[in-house]
Amino acid sequence: MAQYDLDHQNLTEIRQEIIQNIYKGEETKLSFSFPQKKLMVFFNGIISNVLGHIDLMFLLDSFITILRESLLNAVKANAKRLYFKSHNVDITNEKAYNDIMHNFKNEVIGDLAVLESNLKQSTFFVNFSIKLTKSKIHFRIENNALILPKESERINMRITQAWEF
């Protein structure tokens, strides 16, 4: 597996290498702490290139929408853990969780510069892995934050709703 820490590498210099690894069918893991605009553009370019290579360009808009939503959700989960930790609040305590989430949305999500700085200084990260086979594109998005039961229920509900359409 090829692995890249995108927080500490020049994206322009490694772009072609990443694309070649994907074309060879090698699982390629891209790690980062915060999705800066240039990083999201980088991901769009990788996906566009791969979809064009396998003649599935018609999926580009859908793929990018799903990718962005998933990446941002993984980053928000990391930011939430960091926020709770910085306020010495147990994230598994449901009452405390409900009380502090209002503040989280106002203080953290509204201030992207602070969010970026805090995440880059933390141990939290997001991995985007992609692997190309003859007939499929496999991708996985994960972070290093333990998922809460409440979050798992919400994700499963969204998946169920998606299958209904």
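Me: Is K76 buried, exposed or partly exposed, and what is its relative accessible area?
Reply: In this predicted model, local features need pLDDT of at least 70, side-chain atom pairs count only at pLDDT 80 or more, and totals for chains, interfaces and linings use all residues. Residues are numbered from 1 along each chain as its sequence is written, and side-chain values use heavy atoms, without hydrogens and water. Buried means under 20% relative accessible area, exposed over 50%, and partly exposed in between (1.4 Å probe, protein chains only). K76 is partly exposed, because its relative accessible area is 41%.

Me: Which helix holds K76?
Reply: Helices are DSSP runs of H or I with at least four residues, and strands are runs of E with at least two, numbered from the N terminus. The helix that holds K76 is α3.

Me: Where is D55, and what is its phi?
Reply: D55 sits in the loop between α2 (37–53) and α3 (60–86). D55 is exposed, because its relative accessible area is 65%. The residue is not a glycine, yet phi of D55 is positive, near 60°.

Me: What is the phi of N88?
Reply: N88 belongs to the loop between α3 and α4 (94–109). N88 counts as exposed, because its relative accessible area is 74%. Phi is again given for a residue other than glycine, with a positive value for N88 near 50°.

Me: Is S122 buried or exposed?
Reply: S122 lies in the loop between α5 (112–121) and β3 (126–132). Its relative accessibility is 19%, so S122 counts as buried.
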